[in-house]
Amino acid sequence: PASPSSDFLGHPKGVYVCFFTEMWERFSFYGMKALLLLYLTKYHLFGDKAGLDLLGAYGGLVYCVPVFGGLLADRWLGMRKAVVFGGILLVLGHLGMAFEGHAAHRVGGEVVRDDTALGATYLSLALIVMGVGFLKPNISTIVGKLYPDRADGSADPRRDSGFSLFYAGINLGALFASLVCGFLGEVYGWKYGFGAAGIGMLVGLGMFLWGQKYLQGHAEPPQPAALRQRIAGLPREWLIYAVAIAGVVPVAALLWAAANGAFALGGEISLALMLMIVVLGGVLLWFAWFTGTRCTPVQRQQMIALMVLIFMALVFFTLYEQTYGSWVTFTDRLLTKDLVPSLVIRDGTPLPWSIASLLLAPLGFVAAARLSERTPGSGAPRLLFAVIVAAMLVMLVRDCLVLPQTAGSLTYLGALFLVLLAPLFAALWAWLDRRGLDPSKPVKSSFGLLFGALSFVPLALAAQHVGATGQMASVWWLVLAYLVLEIGEMCLSPVGLSAVTQLAAPRVVSLMMGTWFLATAFSETLAALFGKLAAIDVPEGGVMDIAEAAARYEHLFWLLMWIGLGCAVLALLASPLLK
Ligand code: GLN
């Protein structure tokens, strides 16, 4: 049961533990993701297509395995143990990525690769896939459990704003990742970038182990005796770990197959995608059975409403994933890069200040949490916390403005807006709630889709401008697009996570969380399909036809805008029913 001392700044302390753990997990995740394609193409000399195929299979699997991680936590492990186990796999995987071996080179037109190093890469990626599968859905579920329903059966109104804060943690990690890992990896060497991700995850695991006492028993195994029960001589808990570790090898094989175009149907549908489709089919069958036979009528309606929200997330993230695809190539080809060119440090090594704040933040939280226990009621811990957050933001903004930018590093804009908007939205939902005006979750999600769609308008206009003038357009169009997109993400994604924890039948919360991420697995694939509409092949030694490129991007951006808008209107019309 919650005691007053278990709250800090109006939210359970456990939420902050999840916040920092997830911040580090996402730091390692996005830091590695930022480097992966470059590492494959520049160090191991993969072509763009093979590199993208591997990236696609990895992206799909990493968001598909949470279905299993969620299922196992719901039924046997409980969320806390699942997070710790996933965290250990992630530390191993990220550190494994730091093993480079020899760079590939050409001998008479033939590419000679270091197979041991590549094998280590596939295994490390597979460890990360498994680690995310155990950690990601379950840490999100824990946040929801920290806001149990109130005594009269009504929902805790702080839940949506709690998820907004948690989501800020996710994006703080993503933001640091593009600034720190991308920088270390490209300036000092791949192993330093990947190694930084591994050390980040180690800090995250340490944070969780230290802070698990604040989870107030909400994340424990549902039937501890069942975990100790022996099967084939091993306690069930250890059997689960053993099977998951053994599963790393087939996952690594799937990644290898994707990179080598092996066993792909029609050269396009990789084994990994086939597996995702099988998992989706299984989830849908299970869903029909579960809602048909295992739910009360109210639960059934809630589960169906949740499925619709998950479908909306699938559409939203298909739009959103363009930021890592067509938005990057568009920026690279047709936009200026530096926000304020006169501030950018171009000479020497402009070391990111964010590295310092990465060390400062968790220490600051631990200090503030301890202080609040020693001196209950005093304002000092809050002040300390505010100073730390402010210092972090100053360092971040400094790095965003003065570090030289590339199309890839500008993806930090998304995370930056998210972090800046999260406190505003947390306050907005609370403020609306106090006035009895809090919009329902379907309405919030419809607005998410609407803003997601509208974010393509500035980019379409920028493309139009390039087409008309033949000149690069300003990077500030991209800034505007990200601002609008992130308002959308704020309305849909944290709200969706919150909805999962609130609407899923109690025994299957983590599994439904896994299903939420499964939607993203498909979004990644769909986003790539759409993105190919603006794939531009410049022949070797040739020059890109700017007007033609601009026209293609403009077409893609308007198309996605209308698809998003159409879905948003449908969702809005359906929202009274969903509510
Ligand atoms: N940026 C979010 C995260 O990394 C989005 C995940 C998702 O649901 N697609 O958690």
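## The nonpolar core

The largest nonpolar core here counts 185 residues. Such a core is a set of buried Ala, Val, Leu, Ile, Met, Phe, Trp, Tyr and Cys residues joined through C-beta atoms within 7 Å, where buried takes 20 or more other C-beta atoms within 10 Å, exposed 12 or fewer, partly exposed in between, with C-beta atoms placed from the backbone. Ala126, Val129 and Leu255 have the most contacts inside this core. Helix α1 (residues 13–43) gives the most to the core, with 18 residues; helices are DSSP runs of H or I with at least four residues, strands are E runs of at least two, and both are numbered from the N terminus.

Ala126 touches Val248, Val251, Ala252 and Leu255, leaving aside residues up to four places away in sequence. Contact means C-beta atoms, placed from the backbone, within 7 Å.

## Where the model comes from

This is a predicted model: local features need pLDDT of at least 70, side-chain atom pairs count only at pLDDT 80 or more, and totals for chains, interfaces and linings use all residues. Numbering starts from 1 along each chain as its sequence is written.

## Two positive phi angles

Gln216 has a positive phi, near 55°, though not a glycine. Gln216 sits in the loop between α7 (190–211) and α8 (224–228), and is partly exposed, with 17 other C-beta atoms within 10 Å.

Ala232, also not a glycine, has a positive phi of about 50°. Ala232 is in the loop between β5 (230–231) and β6 (234–235) and counts as exposed, with 7 C-beta neighbours inside 10 Å. Most residues other than glycine have a negative phi.

Conventions. Contact = placed C-beta atoms within 7 Å.
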